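This briefing sets out selected features of the structure shown below, grouped by topic for quick reference.

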Amino acid sequence: MRWLGTLPSRGGGKSRAFKGLSPRQALPADLEAGAATIRWYDFALIPGLLQSPAYLRARHDAAITNDHSADSPVEVRARERRQQEVFVPGGPRIEVIVEETVIRRLMVPRAAMLEQLEHLLKLIDSNDQVDFRILPVGGELLGLRAPRSPWEIYEFASGDPTAVVVESLTEDFLLRDHAEVANHKRLWRRLFEIALPPDESRELVARNAEILTKEQ
């Protein structure tokens with residue numbers, strides 16, 4: 001994997017709300033500012049743009065690396081501001097595929113997870129920008145190269161080349177090489193075919209929210 005640098009600024013990094021951010025926040029904020037479509041795959045966590053306040057803060061509190069720059073109040077507020085910037089009229093379309101374990105495994109306290117699932121349901125029901133799909137545990141990945149990490153695909157209305165950001169534990173990698181981008185787009189299309197449609201995905205989220213409510 002190669003670090004290929006940042007794209008030319010598209011406006012996200014120029015806002016006062018995004019000053020002084022770590023590279024892991026500044027890069028996606030800049031890409032989101034110019035994106036027409038964001039496609040996000042994750043096998044462990046709810047994608048950042050869809051995280052509820054309690055889930056977001058609980059995940060920051062769970063940092064296991066020595067670099068705590070992303071845990072500062074500035075960084076937490078910046079994540080919230082990124083959501084505000086994206087979910088506006090005319091904002092980018094956000095297509096998400098997550099593994100079923102993302103909505104079932106407790107990565108945060110139960111109360112925070114319940115808030116997160118309820119937040120997801122509200123986004124799914126009220127926002128046409130969001131296409132949320134779950135890759136079920138029983139889904140067959142035969143013939144596919146298994147995903148090794150979360151990634152996001154950014155497509156731009158300006159006609160700029162598509163960019164891919166691949167996440168690791170400690171840093172993110174921006175891919176612009178045509179072949180690497182094409183490989184991630186191809187894998188996305190296959191995962192999209194296997195994932196549950198939006199209505200069935202919503203039903204699965206609601207079912208897990210009911211279970212957590214009873215446990216509460």
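A residue is termed buried when its relative accessible area is under 20%, exposed when that area is over 50%, and partly exposed in between. By this criterion 6 of the 6 residues of strand 3 are buried, so the strand is largely enclosed by the rest of the structure. The model is a predicted one.

- An open sheet is formed by 6 strands in the order 3-2-1-4-5-6, with mixed pairing.
- Strand 2 and strand 3 are paired in the parallel sense over 6 bridges, and V96 stands opposite F132 in strand 3.
- The pairing of strand 4 (residues 151-156) with strand 5 (residues 163-167) is antiparallel and extends over 4 bridges; here E152 stands opposite V165 in strand 5.

**Cover of strand 3**

- In a regular strand, side chains alternate between the two faces of the sheet.
- Strand 3 is covered on both faces: V130, F132 and I134 are buried on one side, and D131, R133 and L135 are buried on the other.

**Helices on the sheet**

- Helix 6 (residues 178-194) lies across strand 1, strand 2 (93-99), strand 3, strand 4, strand 5 and strand 6, and runs at about 105° to strand 4.

**Aromatic pairs**

- The whole structure contains 3 aromatic pairs.
- Y41 and W151 form a tilted pair, with 4.9 Å centre to centre and 35° between the planes.
- This pair links distant parts of the chain, as Y41 belongs to strand 1 and W151 to strand 4, 110 residues apart.
- Both partners are buried: Y41 has a relative accessible area of 1%, and W151 has one of 3%.
- The ring centres of W188 and F192 are 6.5 Å apart and the planes stand at 35°, so this pair is also tilted.
- W188 and F192 are 4 residues apart in helix 6, a separation of about one helical turn.
- W188 is buried at 4% relative accessibility, whereas F192 is partly exposed at 27%.
- One aromatic cluster is formed by Y41, F43 and W151.

**Salt bridges**

- Side chains of opposite charge can pair when their charged atoms come close.
- The structure holds 14 salt bridges.
- One of them joins R57 and E80, whose closest N and O atoms are 2.7 Å apart.
- R57 lies in helix 2 (residues 53-61) and E80 in helix 3 (residues 73-86), so the pair ties together parts that are 23 residues apart in sequence.
- R57 is partly exposed at 37% relative accessibility, and E80 is partly exposed at 22%.
- R81 and E85 meet in a salt bridge of 2.7 Å, N to O; both residues lie in helix 3, 4 residues apart, or about one turn of the helix.
- R202 forms a salt bridge with D125, with the closest N and O atoms 2.7 Å apart.
- R202 lies in helix 7 (residues 198-215) and D125 in helix 5 (residues 110-126), so this pair ties together parts that are 77 residues apart in sequence.

Definitions and conventions:
Residues are numbered from 1 along each chain as its sequence is written. This is a predicted model: local features need pLDDT of at least 70, side-chain atom pairs count only at pLDDT 80 or more; totals for chains, interfaces and linings use all residues. Side-chain values use heavy atoms; hydrogens and water are left out. Two strands pair if DSSP finds at least two bridges between them. Helices (H or I, at least four residues) and strands (E, at least two) are DSSP runs, numbered from the N terminus. Contact means heavy atoms within 4.5 Å. Axes are lines fitted to C-alpha atoms, for helices over the stretch in contact, and angles run from 0 to 180 degrees between N-to-C directions. Rings of Phe, Tyr and Trp (its six-membered ring) pair if their centres lie within 6.5 Å; planes under 30 degrees apart count as stacked, over 60 as edge-to-face and the rest as tilted. Buried means under 20% relative accessible area, exposed over 50%, partly exposed in between (1.4 Å probe, protein chains only). A salt bridge is a side-chain nitrogen of Lys or Arg within 4 Å of a carboxyl oxygen of Asp or Glu.
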